[in-house]
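Thanks, everyone. Let me put the model up, and then we go through salt bridges, pockets and one surface patch.

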Amino acid sequence: MIQTNNQLPPNFKIDVHTHILPEKWPDLREKYGYGGFVRLEHHKPCCARMLIDDKFFREVESNTWDPKVRIHECDHTHVNVQVLSTVPVMFSYWAEPDHCYDLSRMLNDHIASVVDQYPTRFVGLGTIPMQDEKLAIKELERCVNELGLAGVQIGSHVNNWNLDEPALFPIFEAAQELGAAIFVHPWNMMGQEKMPKYWLPWLVGMPAETSRAICSMIFGGIFERLPNLKVCFAHGGGSFPSTIGRISHGFEVRPDLCAIDNDVNPREYIGRFFIDSLVHDPATLHFVKELFGPKKIMLGSDYPFPLGELIPGELIESMDFSTETKEWMLYKSALDWLNMPHEQYERLGLGNLSPQSMLRKEAS
């Protein structure tokens, strides 16, 4: 039980950006009759290759699927709660909608089972078939109402659609009604066929993808029409924070191109959505703290992958911020995003009521 004067300690940590996979995964090419899906090849103990058909994608270790290993590593880095989401390559928005719906259910059932097994250590986010409005909403409702997940992770775009696509709006509308958190993660990076060397899709494409998602939702009026939508963007908002001056200036000088769906300056939406803290640089973290405010920044590590923060929260804790600012970044902002009341959660303490059961209690 974690209780200090009936409150969570100042260095309590909720890591909102972590990825998980099932240890066993079916051969979807065989199941659905066509390729393009990820399969896992366990080629040695505690390791597996992620393959897309027969092409190598990534090597992963047991901390990607084994919750006991995750908890051990979390204890070592003093992370109290992880928010679990799938690896974005699993989104599979390009697949037949029924097949994406089916694989989403498998992934969501797995995440829910891990949370149910270790309810004081994990909160879950589902994945949904964004290419089909009805199926996406159906699975979103199941995630929240039946599985008790806190919300969903979605991609920075859906095939040829940006996030302002009218077909996606009912999904966001349903998420607001359900009080579901949305975590936007870059995937299938734009221009990657022109960046074959130096890991540029991950270093250049990912930040651009996140800015693409933020700008699409702002210019498309999503935040204007859905003011209570709880959205977090990965990787410190990507390139959006450092280019907000250019984005705002472009809106002002070319409203004929930028203000066609929403006539509110993009700067007005700073503070209307969340970002994670994964920026890898003290000056950048200070900048986004000043820009967004600590109540809109949440600890995110991208565990268990090497481009993430190896000791989650280390950068936040190293900064010359006030204790209150660090508390917001390390866990309080996450409680807001996940729709968990601070006072009740702190009064009860982690040992008395899990994050997941808190969500279920609020929903009831």
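Lys31 is partly exposed, with a relative accessible area of 44%. Partly exposed here means between the cut-offs: buried is under 20%, exposed is over 50%, with a 1.4 Å probe and protein chains only. Keep in mind that this is a predicted model, where local features need pLDDT of at least 70, side-chain atom pairs count only at pLDDT 80 or more, and totals for chains, interfaces and linings use all residues. Residues are numbered from 1 along each chain as its sequence is written, and side-chain values use heavy atoms, without hydrogens and water.

What does Lys31 pair with? Asp102, in a salt bridge whose closest N and O atoms are 2.8 Å apart. A salt bridge is a side-chain nitrogen of Lys or Arg within 4 Å of a carboxyl oxygen of Asp or Glu. Asp102 lies in helix α3 (residues 97–117) and Lys31 in helix α1 (residues 28–32), so the pair ties together parts that are 71 residues apart in sequence. Helices are DSSP runs of H or I, at least four residues; strands are runs of E, at least two; both are numbered from the N terminus. Asp102 is also partly exposed, at 26% relative accessibility.

The salt bridge count comes to 14. Glu139 and Arg142 form one at 2.9 Å, N to O. They sit 3 residues apart in helix α4 (residues 133–146), about one helical turn. Arg29, Arg39, Asp53 and Asp54 are linked in a network of salt bridges.

Now the pockets. A pocket is an open set of points on a 1 Å grid over the protein atoms alone, where a 1.4 Å probe fits, with protein on both sides within 12 Å along at least five of seven lines; lining residues have an atom within 4 Å of a point. The largest pocket holds about 720 Å³ of space. It is lined by 27 residues, and Ile52, Phe57, Val89, Gln192 and Trp202 are the closest to its centre. β4 (55–61) gives the largest share of that lining, 4 residues.

The second largest pocket has a volume of about 350 Å³. Of its 18 lining residues, the closest to the centre are Pro207, His235, Leu278, Val279 and His280. Here α6 gives the most, with 4 residues.

Last, Trp199. This residue is found in the loop between β8 (181–185) and α6 (200–219). Trp199 is partly exposed, at 43% relative accessible area.

Conventions. Points joined across faces, edges and corners; volume = space filled by probe spheres on them.
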